[in-house]
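Let me put the thing up on the screen, and then I'll talk you through a few spots.

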Amino acid sequence: MPTSESYLILATIMFGCGVFGVLFRKNLILVMMSIELMLNAVNLVFVSATQTLGNVDGQVMVFFVITVAACEAAVGLAMVIALYRKYGTIDTDFLRVLRG
Amino acid sequence: MGLDLQQIQAFLDNEFAVQLIATAIKFAVVFAICIQVPPIMIWVERRAPALMQRRKGPNRVGFFKLRLWGLLQSAADAVKLILKEEIVPRGANKIFFQIAPIFGVIPALLIACAIPYGNDFQLFGYNIPLSIVNVDVGFLFILAVSSLGIYGITIAGWASNNKYSLLGSLRASAQMISYEIPLGMSLIPIVLIYGTLDLNQIVIGQSNLWNWGIITSPISFMIFFVCMFAETNRAPFDLAESEAELVAGFHTEYGSAKFALIFLTEYVVMFILSCLASTVFFGGWQIPFVPHDTLMQLIGGLHIPVLPYLLDLVGWGAPFLSLSLQEMGVHSLIASLIGVAVLFIKAGFFMWMYVWVRWTLPRFRYDQLMSLGWKFMLPVGLANIFVTAIIVAILNFK
Amino acid sequence: MNPYLPVLIVLVFAIIFGCIMSGLSHFIGPRKRTLSPVKDEPYECGVPMVGERDKMSVKFYLTAILFILFDIETIFLYLWATTFRELGWFGIVEVTIFLVILVAGYVYVVKRGALEWD
Amino acid sequence: MLLWLVILFPLLGAALNGLLLRKVSKTVSHIVGASALIASFACALTAYMQMMSAGGEGQVIFGFDWLEAGGFKAPFQFILDRLSGMMMLIITGIGSLIHIYAGGYMHEEKATWRFFSYLNLFVFMMLLLVLGDNLLIMFIGWEGVGLCSYLLIGYWYEDDANAAAGMKAFLVNRIGDIGFLIGVFLCFKFFGTVSFSELKDIIINGNALTGPQLEAVSWITLALFIGACGKSAQLPLYVWLPDAMAGPTPVSALIHAATMVTAGIYMMTRLNFLYFLAPDTQMIVASVGAATALFAATIAIVQNDIKKVLAYSTVSQLGYMVLACGVGAYAGGVFHLFTHACFKALLFLGAGSVIVAMHHKQDMQEMGGLRKYMPITHAVMLVGVLAIIGFPGLAGFFSKDEILWKAWIGGGPVIWGMGAMAAVCTAFYMTRLLMLTFYGPNRSDHHTREHLHETSAVMWAPLVVLAILSAVVGYLNVPHVIPGLPHLLFEHYLSPIIHVPAAAAEHWPHLTATYSHSLELGLMGISVLGMFLSAGFAIVLYKNGPSPTAIKLKKSFSGIHKVLTNKYYVDEFYFKYIVDPLKDMSLFLWKIVDTVIIDGIVNGIGQAFMLVAGLTSFRMSGSLHRHAMVVMLGIFCLLTILLF
Amino acid sequence: MTQLHLFYVFAALVTFCSVMVVGSRNPVTSAVFLVFDLFLLAGIYAMMEAHFVAAIQVLVYAGAIVVLFVFVIMLLNLEQESHGKVRVSIPDIVMMGITGLSFVIIAFLVARVPSMATVGEMTPEAIAAAGGNTYVVGMVLFTKYLWPFELASILILLAMVASIVIAKKDKAAKPGRRRTVNANQ
């Protein structure tokens, strides 16, 4: 059986990849995929905690996280589509309405 | 000639090894059957309309005089497909074009493993299930894995660099996801009624004809039946490959063995859904009015020493000659195998329904298809769940 | 034996099988390099290619959104169905509230015409 | 559970009327509003019966955890005991009658959903006030009834005077509420709880109070009493109540006579154990009560507006109740509250009938002789007037006499004298009201006289019920000195609520001592005699409208009369010395402090920020990634710190 | 091959797929690797005997959410990220270094956390005895997490309404209500 640290390390790696995606990818859809990666890293921690702590609350949490992720993806991608319609691009380099 | 009985015994003592071998055998058989399904079905799909339309249909291919009503036509087609030249259209995404059919076939083969083809049987003191995959989540596994089947279609259409392929694949996948929800909902009343997600337990719960899913939850069956057609993109819901509009749907650009693979996937999924329908609504491997235990007793009492005779020919069957099947310990195996046959008969009925419906009903329009799924099946499915829950609750907890 | 071991075995087998099938014609099939420029053009019933690849209707996307959300709902219902007998009427009430809220959303979706394909 | 229904029905009624039934006919509004109250009353009655049959012990009904912050806990829970049960019955019972009546009174309005919605909401808030188990819930109710009162006084808000009256009520109440809030804060600071039951435990059963706590009790009670002054219209905060008569008459009856104004008395009775501990406060309470009683009664003598007379009479009667609380006679106070609720509601509703019949004219000088036209109204008004002036045998006699007797033994002759004087004045102005309205020649114009008629049954039926109540409820608390009847039932009934803490017993000897019957009988005789005399005087002066003697009297005492008509110039005083300076200061604050200094600072800060932002905003690329990267940098710094 | 080895294989694959999700230029490739990633995670969950979570991971995450991503990619016809070669500025490289370093630090901190022994009573055996993982998760969800469950329905309702409002084109665009901000100015 793998130790709980190995799960945590794996989760860290996944989360790190997600952060890299958010920070350095210009495509909004890829940014959102990176967010999904991060959510999954957190889920992994939850499930491994379930195993370590000996109760299933963590799995219920994962369930809720997935629910939230589904809603997030639905609304987020709707916004991506709306942005694309409005500005003709979803490249973050060109979406700078908030520029000071 | 020494057969090392001790070695055999040592092997039989290792449960892991026995189960592994059993899994391998089971999978080999299931795979063999799955491979056989498309040729046979293609033959049926050619002969059946011919029959309906008073034509002859393919009947020439054969060895010498042995024509088998054209059955070998399919085999010839398969060989032809494999031997064809591979063409990748210009501008296509080469990698995805290549692997899209693989994406399709993996879920199909995986869900084929989750159907309980027969009851568990006892052999060498082990309980061996006749489904290959037995997981805690029961048929949620089937739903989960089959939902991955969309990628094969979507990516195939997208990678072909052909607008009709893409449109066909989007239509097909939108249709599949739309009908996945009523499909899932139609099975919830079954869980409510039989109280388990395990397909084999559900079949055991249908020991009597009056306990069959179609009797206890007829509306579920109707929804499931419609969804079966929509999920496989079959007529009357074959919008994705409506020849007049979209050339041939998402697999327009596919040829050769990859096309064979896509065909294999489609027919395997049809077969699995037929098996699932029989399992959930038609008692699976149960024979109507003959409970499994009765069947086992019946078989157990028989004395058919065919195998011992054969073994005797090579010199080690003598001790078994006088034993009944029960005493030899194979009666549950034989009963389960009979169950497998029963299930295949029932599934065959549904396969026939696929063909029959295809040549009977006209094609839906896409908006009709979608509104049937979302505006009729979904509310009806929800109401069905609700009503079933209330009825089960009233009957069970006071 | 872990119940997922067969899954793994089948998975590996299916991948190998798929690759073999996919590669089969690559190795067995004939390789004629005809020079005709129309041979590997996307097939449109034999007539020359027309137009660009269009953008797809947003309807497909809306369908996918609704699919996700109702899929989640179905999962919730599956969980309820497995615990149905222990939860009893309490569970029915819970799920009724849950469903009433979602049916409100469904009604909105229908009224808003998000399911119309025109 | 029933108790929740009691509370929920009025809320439901308010919600239905306020949110859903805006478009429907006023009959529906009326039916919904009234039936909500009747249902509530039925539930209240059942709950009360259950409570009494279980021995009349107080019950605490837990609702849910409400406020929790540190050591502070205020669960949302209700208390149902003899006191709150009785109040609940008065509120819902008399409320039901008034709701029924209001349907008739508001008959000519266009849309009454707003009225019934407010009225139901008021009942809900009042019930919250009465049933709440801690000062905070009570405060919600306290503020809530204030709000509803404001809304209802200004019901005819198109009229500026009405809107101003509503505003006045609201503002004056605010002053009292500040006192109340300070009391609540002090209470929590020194006792660590705001729950009545816990407070009672601490005071009655707990250890002896520390010095600071004892000192605090005086301030707490005083602060709370300021709140009570506001709500129960005591000097000097009574000014809003007469103006509140601008609202529809059923509102005056329900809010400004029977229920809301009694909140202060209820609160003091609820906290009687605290007040017993503070004899100084009690002295102030008693004095304020007596002064208010007399002060308001004198003003009432010269008022001509029928509702104003009743308003000042209410202030005066509330003074009695406060006086009773001040001398420790809580049972007497609450009993007077009860009887007063009955007969004052009766009087107000009767006056309302008269006003409706007179086409919304309220000046008594234009009435007269209505006995002919409105026999039923006359009969019930007669009962009401007799009850309030303390005619022997009717409700007011028993309750008022009890208070006067307790004032004598607890507060001394001066307090008693003021109370008795007030009683004499009451007899005079109430008789005057009756005479001017129902007797003598009719002085109204021809048109009005043509249309004079008895009101509909939906209006007089509640009056009859109230009249019967006014006649008989007095027998619940017959003093010792009257033989042949069961004595002091009400006082025994309420005795489990009244606790004199052991530490304070020395200050309240008269509560346990026995006194001679002859003294009590003598005092009673004096007050009854005074009452008869002044009532007789009023009959003589006004039996045929204002008699020449009355006019002559007015002339010869023109100075006093002028002072009285102008209500001792209290409003003018307030305006000159409080409102106007405040206005001037506000103007100064607005023109100079706000626009120049504060706006200058605020805008200056804003402009400074804009300037700085303008200078630095070239760093704000608007790029998502830049922002995220800055966050990442921060995380990196934190991690580095964490590492070492 | 023990479970531990299997886990290492899976972990390696997950890492690879995660890197590919972030690193590949074609969004469809990213999406496909995301599916692999989620599927592999489901495998890891299954190894941890979290059967139900594994199932919904495949059913909802891999089978539904990523489908949505794929749909949007196809809908917008985005195959290549910004045209031409990717410009990597020096600040970006520095930031990449800092981010990488941060996660090395986090991994280091995580590895230092002492591993805990199982403390609760819900061991895999207990779960199996109580009626299976799905059943136990269901019971916990419907009793302990009653309110979150009901709130989830409201969340889904909101997502439904919001995404339709945002994504659906109005038949007749109302003049005057459209905002006129131009992004590329």
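Predicted model: local features only at pLDDT ≥ 70, side-chain atom pairs only at ≥ 80, totals over all residues.

I'll go through confidence, then an interface, then a helix in chain E and a helix pair in chain B.

Overall it scores ipTM 0.70 and pTM 0.63. For chain E, the mean pLDDT is 79, with 81% of its residues at 70 or more. If you go element by element in chain E, the highest mean pLDDT belongs to α2(E), at 90, and the lowest to α5(E), at 76. Then there's the stretch at residues 172-185 of chain E, where pLDDT stays under 50. For that stretch the model has 8 contacts beyond four places in sequence.

Okay, the interface. How many residues of chain E are in contact with chain A? It's 70 from chain E, against 68 residues of chain A. On the chain E side, the helices that each supply at least two residues are α1 (3-23), α2 (27-47), α3 (51-76), α4 (90-112), α6 (133-143) and α7 (146-167). The largest share comes from α3(E), with 12 residues. And what is that side of chain E made of, by class? You get 55 nonpolar residues, 12 polar and 3 charged.

Now zoom in on α6(E). This helix is largely enclosed by the rest of the structure, because 8 of its 11 residues are buried. Those buried ones are N133(E), T134(E), V136(E), V137(E), G138(E), M139(E), L141(E) and F142(E). What do they pack against? Within chain E, it's α3, α5 (124-130) and α7. From chain A you have α3 (57-87), and from chain C both α2 (58-82) and α3 (84-112).

Last stop, chain B. Have a look at α6(B), residues 149-159, and α7(B), residues 163-194: their axes come within 7 Å and cross at roughly 160 degrees. So α6(B) is roughly antiparallel to α7(B). The crossing of α6(B) past α7(B) is left-handed. From α6(B), the contact uses I150(B), I153(B), T154(B), A156(B), G157(B) and W158(B). From α7(B), the residues include S165(B), L166(B), G168(B), A172(B) and M176(B). By class, the residues of this contact split into 9 nonpolar and 6 polar, with no charged ones.

Terms used. Residues numbered from 1 in each chain as written. Chains lettered and ligands numbered in written order. Contact = placed C-beta atoms within 7 Å. Helix = DSSP H or I, 4+ residues; strand = E, 2+ residues; numbered from the N terminus. Nonpolar A, V, L, I, M, F, W, Y, C, P; charged D, E, K, R; others polar. Buried ≥ 20, exposed ≤ 12 C-beta atoms within 10 Å, placed from the backbone. Axes fitted to C-alpha atoms, helices over the stretch in contact; angles between N-to-C directions. Parallel < 35°, antiparallel > 145°, perpendicular 65-115°, else oblique. Left-handed = near helix turned anticlockwise from the far one by under 90°. pLDDT = per-residue confidence, 0-100.
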